[in-house]
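Subject: Structure handover

Hello,

Please find the structure below.

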Amino acid sequence: MPTPEMPTTSSVMGFPVHLFDDYVAWLRLRNQEKKGAHVVTLNPEIIMQAQENQSFAEILENAELVIPDGVGIVFYLWLRRLQIQRCPGIELAQSMLEVAGTAPDNWSVFFFGAKPGVAAKAAESWQQKFPNLNLAGTEHGYITPEGEEKLLATLTQLQPRLILVGLGVPRQEFWIAQHRHLCPEAIWIGVGGSFDIWAGTKVRAPLWLQKLQMEWAYRLYQEPWRWRRMLVLPKFAWKAIITLGH
Ligand code: UDP
């Protein structure tokens with residue numbers, strides 16, 4: 001495997017985003033070197049929240065890898081004459097699971113988050129796809145404080161190499177930042193609602209909508225309660241336009 005370079009860092013409203021052709025290769029190397037990483041899947045909602053919350057902003061600044069997940073990020077950079085490819089977090093997580101399930105180094109993986117039963121079902125479907133996947137364990141995202149203590153002890157003991165955390169934004173980013181020292185060699189990725197999709201409790205937008213960069217519209221159609229959260233999208237777009245040239 002050729003040695004992947006460090007990702008180029010660009011900035012979206014003052015927050016870093018790493019632009020690189022092959023995030024998987026970079027993470028594989030990172031994992032081989034046992035360096036660990038926190039991966040944040042950047043979208044306009046995250047940016048707008050981080051602008052209001054200093055601790056969240058610091059988490060973004062300290063994450064080793066921030067990928068351009070949202071179409072708003074692509075739009076912001078496009079306005080600034082930088083054409084980049086969107087990298088949806090769910091796809092990066094899938095590629096990492098594929099590597100974990102097929103690579104000779106066979107890292108162990110842990111799924112944490114979503115409603116009871118969902119992460120376990122998602123893990124089961126991945127294990128069917130990759131029987132060699134080394135599954136360290138799963139835990140749902142609505143555990144009690146005692147359950148969480150137990151989970152932290154389990155993670156410390158098992159030292160999984162790929163830890164997917166699906167608690168939603170910004171809970172998952174705070175949770176990872178707070179606990180990643182327990183497994184310093186692991187790749188930690190905040191995966192939002194990915195477990196729901198892998199378990200089949202929710203479906204991703206059809207490919208044609210994804211290609212039209214309209215995945216957000218399908219989410220709104222599926223989960224209309226998101227409308228309030230999604231109001232940040234036009235706000236972000238407006239801000240992206242009026243700060244051009246600054
Ligand atoms: N979730 C969880 N614990 C909580 C709150 C949410 O495990 O206390 C899960 C929820 O069940 C869902 C995911 O977090 O699986 C959030 O998904 P969403 O698509 O809303 O993520 P976001 O858009 O915030 O990335």
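I start with a pair of helices. Helix α1 (residues 23-32) packs against helix α5 (residues 89-102) at an angle of about 50°, and their axes are 10 Å apart. That angle makes α1 oblique to α5. The crossing of α1 and α5 is right-handed.

On the α1 side Tyr23, Val24, Leu27 and Arg28 take part, and they meet Leu92, Ser95, Met96 and Val99 in α5. By class, this contact of α1 with α5 has 6 nonpolar, 1 polar and 1 charged residues.

Some background on the model and the terms. This is a predicted model: local features need pLDDT of at least 70, side-chain atom pairs count only at pLDDT 80 or more, and totals for chains, interfaces and linings use all residues. Residues are numbered from 1 along each chain as its sequence is written.

- Helices (H or I, at least four residues) and strands (E, at least two) are DSSP runs, numbered from the N terminus.
- Axes are lines fitted to C-alpha atoms, for helices over the stretch in contact, and angles run from 0 to 180 degrees between N-to-C directions.
- Angles under 35 degrees count as roughly parallel, over 145 as roughly antiparallel, 65 to 115 as roughly perpendicular and the rest as oblique.
- A crossing is right-handed if the near helix is turned clockwise from the far one by less than a right angle, and left-handed if anticlockwise.
- Residues are in contact if their C-beta atoms, placed from the backbone, lie within 7 Å.
- Ala, Val, Leu, Ile, Met, Phe, Trp, Tyr, Cys and Pro count as nonpolar, Asp, Glu, Lys and Arg as charged, and the others, Gly among them, as polar.

Next, the sheet. An open sheet is formed by 6 strands in the order β4-β3-β8-β7-β5-β6, with parallel pairing; two strands pair if DSSP finds at least two bridges between them. β4 (65-68) and β6 (134-139) are the edge strands, each pairing on one side only. From one strand to the next the twist averages 15°. Within the sheet, β7 (residues 162-166) and β8 (residues 187-190) run parallel and are joined by 4 bridges. Ile163 stands opposite Trp188 in β8. Helix α1 lies across β3 (37-42), β4 and β8, and runs at about 140° to β8.

Strands β1 (residues 8-12) and β2 (residues 15-19) run antiparallel and are joined by 5 bridges. Ser11 stands opposite Pro16 in β2. Their hairpin has 2 residues between the strands, and Met13 takes a positive phi near 50° there.

A second pair of helices is α2 (residues 44-52) and α13 (residues 232-242), whose axes come within 9 Å and cross at roughly 80°. The two are therefore roughly perpendicular to each other. Pro44, Glu45, Ile47 and Met48 of α2 make the contact with Val232, Leu233, Lys235 and Phe236 of α13.

What about the ligand? Of the 13 residues around it, Ala114, Gly141, Gly168, Gly192 and Gly193 come nearest; a residue is near a molecule or strand if its C-beta atom, placed from the backbone, lies within 6 Å of it. By class, the shell around the ligand has 5 nonpolar, 6 polar and 2 charged residues. Ala114 has a positive phi of about 70° although it is not a glycine, and is found in the loop between β5 (108-113) and α6 (118-129).

Lastly, the peptide bond from Val169 to Pro170 is cis, with omega near 0°. Pro170 lies in the loop between β7 and α8 (171-179).

Regards

How values were computed. Two residues are in contact if their C-beta atoms, placed from the backbone, lie within 7 Å.
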